[in-house]
Amino acid sequence: MTATIESPRSSRTQQHSRFNFEKWGWIYMRASGVVLIVLIFGHLFVNLVAGAGVKAIDFGFVGGKLSQPFWQIWDTLLLWLALIHGANGMRTIVNDYAANPLVRRIFKGALLASALLLILLGTLVIYTFDPCPAGSPAELLPSFCAAK
Amino acid sequence: MSNAVLENRPSVPEEIPTFTATLMIRRFDPEIGSEPRWENFDVVMGGTDRVLDALHKIKWEQDGSLTFRRSCAHGVCGSDAMRINGRNRLACKTLLKDLDLSKPITVEAIKGLPLEKDLIVNMDPFFESFKAVQPFLIASSKPDKERLQSPVERARFDDTTKCILCAACTSSCPVFWTDGQYFGPAAIVNAHRFIFDSRDEGSQVRLDILNDKEGVWRCRTTFNCTEACPRGIQVTQAIAEVKAAILSGKP
């Protein structure tokens, strides 16, 4: 005669949907991290090392960069990826250290609001920036403004 | 020939040099004070003595109220994990001579679990998360003799079979210190032991359990657990392998 042994514990019920925020957050941190290394060091090299180096940075330099689609896309990617990467990192720290549920909500709400605001403002500036504001001295402006 | 070995033994045992070690122990008695306090003990010990021997000597000769856990006293049962000089180790595997004896040796209970008395913590939360990963073989079929496994398949999870559940890893984890809901390294190590076992059929269940808000994604790869493990288990690597298994959907 054989005794039948029931399984020790029934499996835990799955109360989550298939989309797992923590998992995708973790994947995002790795993926964006790799891209950010390229974007940040590319940005630093072009601004600080290439050409005349750090002395070249002035309104004209920045205005010139932001009028080229290549740098517009580069800076947009840098802005979005870095801000979401940083905000998500701060979120995990809040999850770790803010034990009070209300404080947690406030911190995370503030994080979300500030990240959204900075992303919106930054994106607005990148695409609506006027490199040749009227009435400015010509020596401060990018070289192509004079041609206008 | 065997007699010759016996005759060569010195008749008087060699004198073992002794030294005085100072232990600074974090005492806590819930019946007396609400705050733990540090207390110093001087003990004369020998070169082969371990921290556990010093604790025994204090308890047996100086202060019988000193409270700590130990069972086998030889690094197998995992009862006497404690924080010695700021690092989680087993008191029975830490030789006094390996520590800096010019300063007091600090001994305190492991962190992150509720302190009960002196060096004893409440291990219930630790074992709750261990139980939650279903650390037992889940198999539907009943083989006639044994479940066959190749040496290669066995080697896949060999490292994580070494766990003795001493909680040194989990109580060294900064995420566990601040968030008691996190499963902790030990539970994930014991899930790893079955997830990568070719005889087991419950891998998907365990991967689903660990693919949770408080599951493997809380791990920050701080490597405290790997450093703390008295069995030398590559804990952080095991957690990373579970993460990879969740991402790929199969062990």
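**Close-up views of a predicted two-chain model**

View 1. The model shown here and in the following views is a predicted one. Is Ile84(B) buried, exposed or partly exposed? A residue needs 20 or more C-beta neighbours within 10 Å to be classed as buried, and 12 or fewer to be classed as exposed. Ile84(B) has 18 such neighbours inside 10 Å and therefore counts as partly exposed. When neighbours within four places in sequence are set aside, the contacts of Ile84(B) are Val51(B), Arg89(B), Ala91(B), Thr94(B), Ile105(B) and Val107(B). Met24(B) lies 60 residues from Ile84(B) along the chain, and the C-alpha atoms of this pair are separated by 9.7 Å.

**View 2. The two domains of chain B and the contact between them.** Chain B is divided into domain 1, residues 18–121, and domain 2, residues 124–248. A distance of 29 Å separates the C-alpha centres of domain 1 and domain 2 of chain B. The contact draws on 14 residues of domain 1 and 13 residues of domain 2 of chain B. On the side of domain 1 of chain B that touches domain 2, the largest share comes from strand β4 (residues 87–90) of chain B, which supplies four residues. By class, that side of domain 1 of chain B has six nonpolar, four polar and four charged residues. For chain B as a whole, the secondary structure consists of nine helices and seven strands. The C-alpha trace of chain B spans about 65 × 60 × 30 Å along its principal axes. Of the 251 residues in chain B, 42% are buried. Among the contacts in chain B with a separation of 6 or more, 67% are between residues 24 or more positions apart.

**View 3. Helix α6 of chain B and the elements that cover it.** How many of the eleven residues of α6(B) are buried? Eleven of the eleven are, and α6(B) is described as mostly covered. The buried residues are Pro185(B), Ala186(B), Ala187(B), Ile188(B), Val189(B), Asn190(B), Ala191(B), His192(B), Arg193(B), Phe194(B) and Ile195(B). The cover over these residues includes α3, α7 (203–210), α8 (224–228) and α9 (235–248) of chain B. The next two views take up α3 and α9 in turn.

**View 4. Packing of helix α3 against helix α6 in chain B.** The pair consists of α3(B), residues 124–132, and α6(B), residues 185–195. Their axes come within 8 Å and cross at roughly 25°. An angle under 35 degrees counts as roughly parallel, and α3(B) and α6(B) are therefore roughly parallel to each other. The crossing of α3(B) past α6(B) is right-handed. On the α3(B) side, Phe126(B), Ser129(B), Phe130(B) and Ala132(B) make the contact, and they meet Ala186(B), Ala187(B) and Asn190(B) of α6(B). The contact of α3(B) with α6(B) comprises five nonpolar and two polar residues, with no charged residues.

**View 5. Packing of helix α6 against helix α9 in chain B.** What is the crossing angle of the axes of α6(B) and α9(B)? The axes cross at roughly 60° and come within 9 Å. The helices α6(B) and α9(B) are therefore oblique to each other. In this case α6(B) passes α9(B) in a left-handed crossing. From α6(B), the residues Pro185(B), Ile188(B), Val189(B), Ala191(B), His192(B) and Ile195(B) meet Val235(B), Ala238(B), Ile239(B), Glu241(B), Val242(B) and Ala245(B) of α9(B). The contact of α6(B) with α9(B) has ten nonpolar residues, one polar residue and one charged residue.

**View 6. Helices α3 and α4 of chain A.** Chain A contains four helices and zero strands, in the order α-α-α-α from the N terminus. The helices shown are α3(A), residues 69–97, and α4(A), residues 101–128, with axes that come within 10 Å and cross at roughly 175°. Angles over 145 degrees count as roughly antiparallel, and α3(A) and α4(A) are therefore roughly antiparallel to each other. Residues of α3(A) in the contact include Leu79(A), Trp80(A), Leu83(A), Ile84(A) and Met90(A), while those of α4(A) include Phe107(A), Leu111(A), Leu118(A), Ile119(A) and Tyr127(A). By class, the contact of α3(A) with α4(A) has 14 nonpolar, four polar and four charged residues. Of the 148 residues of chain A, 3% count as buried. Among contacts in chain A between residues at least 6 apart in sequence, those joining residues at least 24 apart make up 71%.

Note on methods:
Residues are numbered from 1 along each chain as its sequence is written. Chains are lettered from A and ligands numbered from 1 in the order in which they are written. This is a predicted model: local features need pLDDT of at least 70, side-chain atom pairs count only at pLDDT 80 or more; totals for chains, interfaces and linings use all residues. Domain bounds come from an automatic or database domain assignment. Two residues are in contact if their C-beta atoms, placed from the backbone, lie within 7 Å. Ala, Val, Leu, Ile, Met, Phe, Trp, Tyr, Cys and Pro count as nonpolar, Asp, Glu, Lys and Arg as charged, and the others, Gly among them, as polar. Axes are lines fitted to C-alpha atoms, for helices over the stretch in contact, and angles run from 0 to 180 degrees between N-to-C directions. Angles under 35 degrees count as roughly parallel, over 145 as roughly antiparallel, 65 to 115 as roughly perpendicular and the rest as oblique. A crossing is left-handed if the near helix is turned anticlockwise from the far one by less than a right angle, and right-handed if clockwise.
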